[in-house]
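Try each one before you read the solution.

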Amino acid sequence: MRPILLQGHTRPLTQIKYNADGDLLMTVAKDTVANLWYSHNGERVGTYAGHQGAIWTIDTNKASTLVITGSADNTARLWHAETGKMLHTWELPTAVKRVEFSHDDRHVLMVTEERMGHKSGIYVFAIDASTPEQSNEPIVILRPAPSKATVAAWSYLDKYIVAGHEDGSLSLYDWKYEELARRGKAHEDTITDLQMSGDGSYFITSSKDKTARLFETSTLNPLKMYKADTGINTATMTPTQDLVILGGGQAASEVTTTSSRQGKFESRFYHKVFEDEVGRVKGHFGPINTLAVQPDGKGFASGGEDGYVRVHHFDPDYFKFKYDY
């Protein structure tokens, strides 16, 4: 499984994402450029340039016509996916840490940072794909309490918004009524990533407490736990095999003292049901910050603190893998 190395960033990666068809890969980093690549050969399609600060997050709609990015320059921006033209800019009080289109592409959520007296917020804006002009007035603003939200995602049918918090808790918001439907403790430390299953009925979280966990969306009941020996920055699920992939490693500040093997910079594969580690993929020279799996399950990509994106296409053996239990 030879990876394709994408060298499009000069700073650590913050998020990578496949589009719904899986033929395009979007990458953002702490430099000011968002990149778009062909996922099958790693050829760069183009860039989305205009942000003035680190870009934390990116997403695209189902039709891959619009791209949205969120940045440390306190803006979220809407782009025309094909031409790279900037269509709209939303000004927010603080940095935008996570953006995501709803399943019907009619709304977008934005998670903002807690800074300089401004509280963290989850903003929901309406998106009208027929016109470049978008509304600057949020439909709802959710105020996560007592701890700020670090990540959020839409549930099945866009009924709820699930948020992960800095104190390790999870919240389920009935966002149309601005109500907190459920709240629960999930992790002992900050939740670093939250990714939904294909149907949105369950999701996986990763945390600095060295675990990743699976939860049912409607109840926030914990289903599974995957333990590692280092902080986990990102976790995702494969749609075809019953596997989850975890990425992490020692904090970048401590890395110089260890080799890449001791730094634990591998992508780790765990069995989704039995919670056992079944394999690792090496390659990065720093912690893995973000993972994404192709929607058809035929490959995955990882983005690291080293500024590289590695795109892997699974070998035929992977699809024959049967877990002995």
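Is Tyr156 buried, partly exposed or exposed? Solution: the relative accessibility of Tyr156 is 23%, so Tyr156 counts as partly exposed. The cut-offs are under 20% relative accessible area for buried, over 50% for exposed and partly exposed in between, with a 1.4 Å probe and protein chains only.

Before going on, some housekeeping. This is a predicted model, where local features need pLDDT of at least 70, side-chain atom pairs count only at pLDDT 80 or more, and totals for chains, interfaces and linings use all residues. Residues are numbered from 1 along each chain as its sequence is written, and side-chain values use heavy atoms, with hydrogens and water left out.

**Exercise: classify two ring pairs.**
Step 1. Rings of Phe, Tyr and Trp (its six-membered ring) pair if their centres lie within 6.5 Å; planes under 30 degrees apart are stacked, over 60 edge-to-face, the rest tilted.
Step 2. The structure holds 14 aromatic pairs. Take Tyr48 and Trp79: 5.7 Å centre to centre with 50° between the planes makes a tilted pair.
Step 3. Check burial: Tyr48 is buried at 2% relative accessible area, and Trp79 is buried at 1%.
Step 4. Now Tyr156 and Tyr160: the centres are 6.4 Å apart and the planes at 85°, so this pair is edge-to-face. Tyr160 is buried, at 13%.
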